[in-house]
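Me: I have a structure open and would like to go through it with you. Could we begin with burial and then turn to charged contacts?

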Amino acid sequence: MADKTQLARQFIEAIPHSKALGMELTEIGNGRAVIVMPYDKKLIGDPDTGVIHGGAVSALMDTCCGAAVMSHPSEPSSTATIDLRIDYMRGATPGQTITTTATCHHVTRNVAFVRAVATDEETEVPVATASGAFTLEPKQ
């Protein structure tokens with residue numbers, strides 16, 4: 001799994017928007033992925049409060065969900081987002097890293113279903129939750 005983890009990390013960190021947002025894959029395997037995004041002033045959506053823009057959180061959650069699908073034991077060759085619903089619970093606390101954990105909880109022949117939670121250092125109340133459907137391209 002170490003090789004697969006390293007390949008996934010290199011792939012995610014090479015995606016231009018992931019790199020621009022400072023995303024870092026910290027865990028991956030068996031249909032589960034964890035990606036962190038450190039606080040960065042260039043990502044602020046509300047200058048009055050310093051809260052990170054929801055679009056950055058959305059990109060983090062989408063990327064993490066895709067990584068979870070790619071790490072599923074069925075070993076898909078590729079994936080793409082079909083549908084992603086994100087519910088924002090609160091703004092992330094300014095200055096804190098946002099961590100998203102995604103789990104691919106069910107797969108069919110062509111579709112993978114994923115749930116994700118984004119938190120900052122105040123883990124009791126999530127920043128956002130997500131549920132989504134992703135294409136599942138079988139390994140050839």
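Me: Which residues of H3 are buried?
Reply: In this predicted model, the buried residues of H3 are Ala-56, Val-57, Ala-59, Leu-60, Met-61, Thr-63, Cys-64, Cys-65, Gly-66, Ala-67, Ala-68 and Val-69.

Me: And what does that say about the helix as a whole?
Reply: Of the 17 residues of H3, 12 are buried, so the helix is largely enclosed by the rest of the structure.

Me: How many residues does H3 have, and what does it reach from first C-alpha to last?
Reply: H3 spans residues 54-70 and reaches 24 Å, close to the 24 Å expected for its 17 residues.

Me: Which residues does the UniProt domain annotation cover?
Reply: The unreviewed UniProt entry carries the annotation "domain: Thioesterase" for residues 50-125. That span is 22% helix and 38% strand, and its end C-alpha atoms are 19 Å apart.

Me: Changing topic: how many salt bridges are there?
Reply: The count is four. Among them, Glu-27 pairs with Arg-32, with the closest N and O atoms 2.7 Å apart.

Me: What about Asp-40 and Lys-42?
Reply: Asp-40 and Lys-42 form a salt bridge whose closest N and O atoms are 3.9 Å apart, where the cut-off is 4 Å. Lys-42 is exposed, with a relative accessible area of 58%, while Asp-40 is partly exposed at 28%.

Me: What does Arg-85 meet?
Reply: The side chain of Arg-85 meets that of Asp-87 in a salt bridge, 2.8 Å from N to O. Asp-87 is partly exposed, with a relative accessible area of 27%.

Notes: Residues are numbered from 1 along each chain as its sequence is written. This is a predicted model: local features need pLDDT of at least 70, side-chain atom pairs count only at pLDDT 80 or more; totals for chains, interfaces and linings use all residues. Side-chain values use heavy atoms; hydrogens and water are left out. UniProt positions are given in the numbering used here, feature names are shortened, and annotations may be inferred rather than shown by experiment. Helices (H or I, at least four residues) and strands (E, at least two) are DSSP runs, numbered from the N terminus. The expected span of a helix is 1.5 Å times one less than its number of residues. Buried means under 20% relative accessible area, exposed over 50%, partly exposed in between (1.4 Å probe, protein chains only).
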